[in-house]
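Subject: Structure for your review

Dear colleague,

Please find below the structure that I am handing over to you.

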Amino acid sequence: MTITVKLIGPFVQLFGFSEKQLDVPAGTTSDDLIGLVSIDRSRPKIVTRNGRAVVPDEALADGDRVVISPIYSGG
Amino acid sequence: MNGWTGQFLRVNLTAKTFKKEPFSDEFALKWIGGRGFAAKILFDELAPGIDPLGPDNKFIVALGPIAGIPAPNTGKAVVAGKSPSTGGYGDGNLGTRVAEQLRKAGYDALIVEGRAAEPTMLFIDDDKVEFLSAAEVWGQGTYVTNDWIYAKYGKSVGVLNIGQAGENLVRYAVVRSMEGRAGGRTGMGAVMGSKLLKAIVVKGTKPIPQADPAGMKKVGYDDLREVNRIDKKSGWSIQSTNGVLAWCNEVAALPVRNFRKTHHPDAWKVDGERLNNARIATYGCPNCTMRCGITIHDDEGRESELDYENVGLLGPNLEIFDLPQLGSLNYLCDDYGIDTMSGGCVLSFYADAIDHGAVAGDYGFNDAAGSKKLLGQIARREGEIGNILAEGSMRAARRFGHGSIDYAMQVKGLEVAAYNCKFIPGMALAFGVSPIGAHHKESWVITFELKQSVRESYGPEKAQKVVDLQRIRGGLFEYMVACRFPWIENGWSLENYPKYFKLVSGLDRTLDDFWVISDRIYAMLKLFWLREYPQTDRKLDYPPAVWFDPTNADTEGPIAGKVLEYDKYDGLLQHYYDIRGYDKRGIPTKATLERLGVAEEGRAAEKYGKLT
């Protein structure tokens with residue numbers, strides 16, 4: 001299945017891309033995706049799937065848009 | 001007592017007099033400084049009902065025990081007075097060398113009274129105070145005024161000044177400093193303008209009293225380096241505050257088209273990546289370790305300093321997705337001394353009112369040229385529309401009628417910051433219960449709502465989070481006085497602040513001790529509102545009606561079909577009142593006032609409005 005991954009803020013510069021599409025096996029979770037795109041697991045972050053927050057073991061579906069962002073605090 | 005200079009400077013512009021005024025140790029320990037000092041002074045000294053733009057209002061610059069001392073992000077000052085936009089207590093903070101210079105001159109606060117006979121610049125030079133003519137720069141913008149001051153005194157002095165908007169009493173005029181910093185979006189620039197006070201310049205040379213100056217110096221400089229190191233590692237400053245724009249767009253929290261929409265396919269054109277790519281310089285406040293101001297060339301080749309709030313509200317909110325164009329609007333706001341956030345909301349409201357037939361006009365969304373023209377008309381109060389819009393969206397809506405108040409994006413008269421809460425209940429509450437109107441500086445809970453709670457919840461956990469953050473953001477950082485960014489954006493521990501407090505004062509205080517002081521100040525601000533609006537009720541703490549309007553729901557995206565619900569919001573508001581010990585009108589009960597040590601102030605307020 002195909003997932004679009006979008007990084008936010010400094011993650012773009014730190015992890016080397018802004019947005020890309022990935023072909024991943026069925027059953028891939030949001031946490032699996034973090035590993036696939038080499039995001040530092042120790043960094044506090046919020047992951048959303050189609051605009052809604054997800055838990056790490058939530059399975060993704062074909063066509064999902066996953067956004068990985070540092071924890072912003074609203075300036 | 002160490003930690004404070006122990007005196008205020010009181011200046012009367014009418015009589016051209018000044019005096020040093022000592023304050024007691026008890027006063028210092030009860031109110032700490034900054035917002036705490038300002039709230040107590042204004043409550044004690046302003047008669048309820050006075051005109052905020054009249055000579056009876058007072059303009060206060062207040063500092064805290066760590067303000068101006070080298071340590072992470074301590075170069076900030078609080079400016080305060082009765083707000084021309086809300087009629088309640090108003091304040092704001094801004095980065096300025098005044099923080100250090102005024103304390104070195106020997107003062108923890110400046111209280112300005114009366115009204116000058118002619119445009120005036122106040123020059124404070126240690127023990128000396130001069131009332132100088134500002135006629136030469138009256139009518140000029142903040143950049144020319146700032147340069148004029150620097151040419152006279154050099155760049156190391158502390159400067160506060162206003163532009164044409166403050167002079168012409170635009171109700172959301174700000175105070176400016178250091179060519180790029182602004183504060184007091186509750187109309188503090190108009191309060192200065194009403195006193196014909198164009199600028200304040202401060203030079204100080206005395207040591208700031210500290211219990212352990214050598215220890216503070218070592219810890220302060222070590223921590224400045226450490227926060228800077230953390231920021232470099234986190235990368236926060238790469239996109240600065242505007243990093244959040246792309247995220248708001250993804251989670252349907254971006255203000256688009258006067259908050260009618262929550263996301264837009266062109267938002268990427270003005271996001272943090274594009275802003276970073278367009279960067280020509282970076283600006284920060286004194287003692288800053290993580291500079292947030294990103295400067296670009298605007299569409300007329302001028303340098304314009306941007307952050308998320310002004311990009312969001314002068315860009316997507318006006319459906320302008322061109323950085324140089326919105327940079328130009330930002331430059332004009334900064335030069336005129338118009339608050340960029342309220343300025344953006346007022347323009348978007350006007351475009352929306354025309355769209356909905358509430359008023360006729362030749363203006364609309366995605367109209368950068370029209371927006372530039374209108375900002376000039378507002379700053380000069382030129383013509384009927386310039387005058388109406390200079391009053392802010394709440395008063396403009398009353399003038400336009402036709403139900404336009406429902407989509408005037410404001411609470412208590414202060415326009416909403418750049419977070420669209422169409423379906424973010426906790427953040428809507430944060431705007432609703434902010435004691436100065438819809439400002440995000442008091443509390444910001446969106447990430448919490450999505451990650452630690454669920455977006456649909458109106459539960460007590462969200463009300464508790466709003467209270468927790470108010471104690472820190474609207475409390476601790478506003479009375480210490482320091483910038484909150486090291487903590488909120490780079491995780492700098494809050495425990496550092498009692499540590500700094502001990503080094504300067506010699507006193508042991510825990511964070512729990514400080515939360516009591518935060519709650520005391522919030523209670524005082526509510527008493528200020530009660531005196532001004534004795535018939536106050538909980539509706540004052542409601543966000544704009546359009547966020548509850550089902551016909552305004554998104555038709556696609558993550559919150560399609562959803563808006564806030566009145567009965568559930570009211571329940572959330574009640575959770576907040578219960579946690580704070582407020583009654584059903586949102587006023588602290590007598591028992592709460594007693595617990596917080598402000599029963600006496602409660603009795604003073606009770607002459608005007610009922611307490612329960």
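How many residues of domain 1 of chain B are in contact with domain 2 of chain B? In this predicted model, 36 residues of domain 1 of chain B meet 27 residues of domain 2 of chain B. On the domain 1 side of that contact, helix H3 (98–104), helix H4 (142–153), helix H5 (164–167) and strand E11 (181–183) of chain B each provide at least two residues. H5(B) gives the most to this side, with three residues. By class, the domain 1 side holds 17 polar, 12 nonpolar and seven charged residues.

The domain assignment of chain B places domain 1 at 7–203, domain 2 at 234–420 and domain 3 at 446–605. Taken over C-alpha atoms, the centres of domain 1 and domain 2 of chain B are 26 Å apart.

A helix pair in chain B also deserves mention. Helix H12 (residues 323–336) and helix H14 (residues 368–380) of chain B pack with their axes 10 Å apart and at an angle of about 5 degrees. Because angles under 35 degrees count as roughly parallel, H12(B) is roughly parallel to H14(B). From H12(B), the contact involves B:Gln325, B:Ser328, B:Leu329, B:Leu332, B:Cys333 and B:Tyr336, and from H14(B) it involves B:Ala368, B:Ser371, B:Lys372, B:Leu375 and B:Ala379. Seven residues of this contact are nonpolar, three are polar and one is charged.

Turning to chain A, there are two helices and five strands, in the order β-α-β-α-β-β-β from the N terminus. The radius of gyration of chain A is 12 Å, which agrees with the value near 11 Å that a compact globule of 75 residues would have. Along the principal axes, the C-alpha atoms of chain A fill a box of roughly 35 × 25 × 20 Å. Of the 75 residues in chain A, 40% are buried. Among chain A contacts between residues at least 6 apart in sequence, 59% join residues at least 24 apart.

Finally, the two chains touch through 21 residues from chain A and 29 residues from chain B. On the chain B side, at least two residues each come from helix H8 (236–239), helix H9 (243–250), helix H10 (272–278), helix H11 (308–314), helix H18 (446–451) and helix H20 (485–490). H9(B) supplies the largest share of that side, five residues. The chain B side comprises 14 nonpolar, nine polar and six charged residues.

Yours sincerely

Terms used:
Residues numbered from 1 in each chain as written. Chains lettered and ligands numbered in written order. Predicted model: local features only at pLDDT ≥ 70, side-chain atom pairs only at ≥ 80, totals over all residues. Helix = DSSP H or I, 4+ residues; strand = E, 2+ residues; numbered from the N terminus. Rg over C-alpha atoms; globule rule 2.2 N^0.38 Å. Buried ≥ 20, exposed ≤ 12 C-beta atoms within 10 Å, placed from the backbone. Contact = placed C-beta atoms within 7 Å. Nonpolar A, V, L, I, M, F, W, Y, C, P; charged D, E, K, R; others polar. Axes fitted to C-alpha atoms, helices over the stretch in contact; angles between N-to-C directions. Parallel < 35°, antiparallel > 145°, perpendicular 65-115°, else oblique. Domains from an automatic or database assignment.
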